[in-house]
Amino acid sequence: MKKIGMLLMCIIFSSEVAHCQYAVEGVVTSEQKTPIPDVFISLIQNDALVKSVLTDSIGYYKLNNLQQGTYQLNFSHIGYVDSLVTINITKNTIQNFQFQENNKLSEVVITAEKSMIERKTDRLRFNLANSDLTIGTSVWETLNKTPFVSTNEDGNIDMLGNSGVIVYVNNRRKRLSGEVLMNYLKSLPADNLEAIEVITTPSSRFEAEGGAGIINIITKKNKEEGLEGNASLSARQTRLFSEAGSIYLNYRKAKWNIYGTTYLSNRERLTNYEKDIFYPPNNPLDIQTRFIDRENTSKMLFSGANMGVDYEINKNHIVGMIFDYSGSDENQRRDAISFDAYSVSDSLTFTKNNDEATDRTYTLNLNYQGKLSEKGTLLTFDMDFLEFSSDNTGISKTDVVTLDDNDVLYIRDWFRNAAIQDIQNTSFRLDLELPINDNLSFETGVKFSFSKVDNDLNFDNRDAQAMTWIEDLTRSNFFEYDENINAFYAVVNHTLSDRWSYQIGTRFENTIAKGRLEGAQVVDRNYTNFFPTVFLKYAPNNQHNFVVSVSSRITRPSFWDVNPFREYTTDKTFFEGNPFLNPSRYYRQELNYTRSKGKIRLVAQLAASQTYDEIFSLPLNSEEDIIINRKTNYGNKYRYTASITMATKIQPWWRINATSLFGHVQTTGSYADDTISIDSNTLLYSLAANQAFTLSKEKGLSLTVFAKNTFPFTLVNTEIGNRLETEIVLRKNIGNFSLSLSGRDLFRSNKDLYDIRVGDIRINDTNYHDTRSVAFAVRYAFGKSTVKDQRYRDPGNSDIQRRL
């Protein structure tokens, strides 16, 4: 045992006792002694690059595991002339550096590029800065062009075919879901996107919520002193007309950094839905088929603003605040024609729905980050507040009409409803990163989250004779939901050698959830889970990289899913929330391989996952011949996938990024009191390619062609048809102006095609969301020339930010 203990000590502290290995560290400042972040420092010996590093947010850098000898340190930063310093290392050395004002560049031209697709240890990063894919569009629409990610107009975000994706914006979770989250992301202009990170296997530092993984949306952030910003306007013509505008500003001076965005957009859409329901021949209700044609005309006004302030107390301590507001106002008219065929007679009905929806979201984040020791011990504290309110009102009227001339025979149903949801969330988080030595570090943290949700659903029936509204107590309800999550995590990062490293961690979460329906308690849960994660990395050289990972997570029902609301298509078809949903458990195993050779970067992935008690929206047929769509815990899902992503420059004027995904999915279970069984096996296959052509560098003319095809597959009890998405963007740069002309859904092939089995009933859905369009956008960038086209940077404190 004594020998084993000594061996473990040698492994853990190997870098501290290694013979003749030293470190050089220091701080880089300006002539005014202001710390400069993101300085690229190269260590050179005999004209060969030994190591390189970026300074962190307080200008600090450190290079480890160096042999004795004479080296040169090259300090490179945008806006300054590169500076070379010769040092002789015979011991641990402190080498501070100060850029001089007379070394400032009068003009900076940066030509370095970064691959659009970049594989990191635990995530795939889709770099979008200055990409044609972001011009004149929203974050939501850009998401669908991200590898492994797909969206639909029901507000669902899938990753590799898994639903339940959690969205972070600038490393902070957005506690919204479904259509509310979709509308929020639609309101955000994509012009200021830096990157979208796809995290299929999150580490223990992330909340365990979200079985499908995490999407982290990163916006641009200025690192230079002075003012910069941009303003953009866009117009899009589908069958209706939409327009949008935004302004972004960032001002940095000495210890202060102030930034903000404001935006306003008006979107109009004309959407068509077709629902064909085929009943079995021995249907006791005697109905044979029901055909529903629905047309939605919607007008949505999005507005929002955010402002952030960071202040450096000193070189070791930073405090900050971010306030965010977003709102949407929607007016929607939904007209549906329903034709019911019976064995002896037919019936024709007209349903008119007029809806108004108003959503408001306010968030406030207070943050402190402190460097507690010269070794790099970092303490981060976050306090977050969220207020969300949603007010949805609608009036629905169904008339039974004659088959020949559509004269009204009688009113079958006439009602109005109001669904009001208020959410309050307060959370506190404390994180500590503790470097033990150059190769070993420890991270830990705690988080406490408190949510309170009120859902008020009111139904009134219309008395057609008295022309008055009468409250319908059978369909009205008031549902209260409270949730408290207490979490603790610990992560160990250990570099064993230049080739081998690993990360091991676990997360402990206790959840207390209580729900009351009309004052009676219907939800009372108190459960505790452990979520271990393991990453093992092997890099035999600079060209090859292997990562094996194992993780476990949980998917809790969203606040809207547990709200017993109803949204009617006709009086015979509606969607309904389910307050009795249980959380589902998720396990994932991955093998990732990355190869870089010349201009080609290849990322390959093999993955397996298991989901237990999965939450999925499923239809059922009631005794009153009403099709009810309700989310439920139907059973289990098992997935096996393989994917390849490639990024390369075929010619100096031609770049391509392509992704191919192939897999197999099995789902088993039952629902509707075990009357409907689920047992399906399906193959997954999708292809996506983004090509960028530089037509004329002198004239600033470029062309982007995007295409994504998802082949037919089955999800639970739903066969999903082929979907082809296309977009062409032509861009022209004129000074500080960027003009773009784009066409989307060129072949009108971006449709939702569903073939659903509900026991002996078959439902065919065809939905088209009016996506064929042409758009024009103009963007103007202003501010210091030294920050307009800065090279891509990965800030030294980005790992800390990702834990927020």
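A244 stands opposite S265 in β20. Strands here are DSSP runs of E of at least two residues, and helices are runs of H or I of at least four, both numbered from the N terminus. The structure is a predicted model, in which local features need pLDDT of at least 70 and side-chain atom pairs count only at pLDDT 80 or more, whereas totals for chains, interfaces and linings use all residues. Residues are numbered from 1 along each chain as its sequence is written, and side-chain values use heavy atoms, with hydrogens and water left out.

The strand β19 pairs with β20 (residues 256-278) in the antiparallel sense, over eleven bridges. Pairing requires that DSSP finds at least two bridges between two strands. Two residues separate β19 and β20 in a hairpin. In its turn, A254 has a positive phi of about 55°. R236 has S242 of β19 as its bridge partner. The hairpin of β18 and β19 has three residues between the strands.

Overall, the chain contains five helices and 46 strands. It has 804 residues, of which 55% count as buried. Buried means under 20% relative accessible area, exposed means over 50%, and partly exposed lies in between (1.4 Å probe, protein chains only). The accessible surface of the chain is about 35300 Å², and 56% of this area belongs to carbon and sulfur atoms. Areas come from the Shrake-Rupley method with a 1.4 Å probe; for residues, only the protein chains shown count as cover.

D460 stands opposite E471 in β27.

The side chain of S451 makes a polar contact of 2.7 Å with the side chain of N425. A polar contact is a pair of N or O atoms within 3.5 Å; within protein, one must be able to donate a hydrogen and the other to accept it, and residues adjacent in sequence count only if both atoms are side-chain atoms. Beyond four places in sequence, S451 touches Q424, N425, Y481, D482, E483 and F559.

N510 lies in strand β29 (residues 500-517). This residue counts as buried because its relative accessibility is 13%. The side chains of N510 and N526 are joined by a polar contact of 3.1 Å. The N510 side chain also reaches the backbone oxygen of Y527, at 3.4 Å. Outside four places in sequence, the contacts of N510 are N484, I485, N486, N526, Y527 and T528.

Aromatic pairs number 23 in the whole structure. Rings of Phe, Tyr and Trp (its six-membered ring) pair if their centres lie within 6.5 Å; planes under 30 degrees apart count as stacked, over 60 as edge-to-face and the rest as tilted. W414 and W469 form an edge-to-face pair, because their planes stand at 75° with the ring centres 6.4 Å apart. This pair links distant parts of the chain, 55 residues apart: W414 is in β25 (residues 408-435) and W469 in β27 (residues 468-471). W414 is buried, with a relative accessible area of 16%. W469, at 25%, counts as partly exposed. F479 and Y481 make a stacked pair, 6.3 Å from centre to centre and with 25° between the planes. Both F479 and Y481 are buried. Elsewhere, ring pairs link Y61, F75, F97 and F99 into a cluster.

Charged groups also sit over rings. The criterion is NZ of Lys or CZ of Arg within 6 Å of the ring centre and within 35 degrees of the ring normal. K371 lies over the face of Y60, 3.4 Å from the ring centre. The charged end of R294 sits over the ring of Y273, at 4.1 Å from its centre.

Note on methods: Contact = heavy atoms within 4.5 Å.
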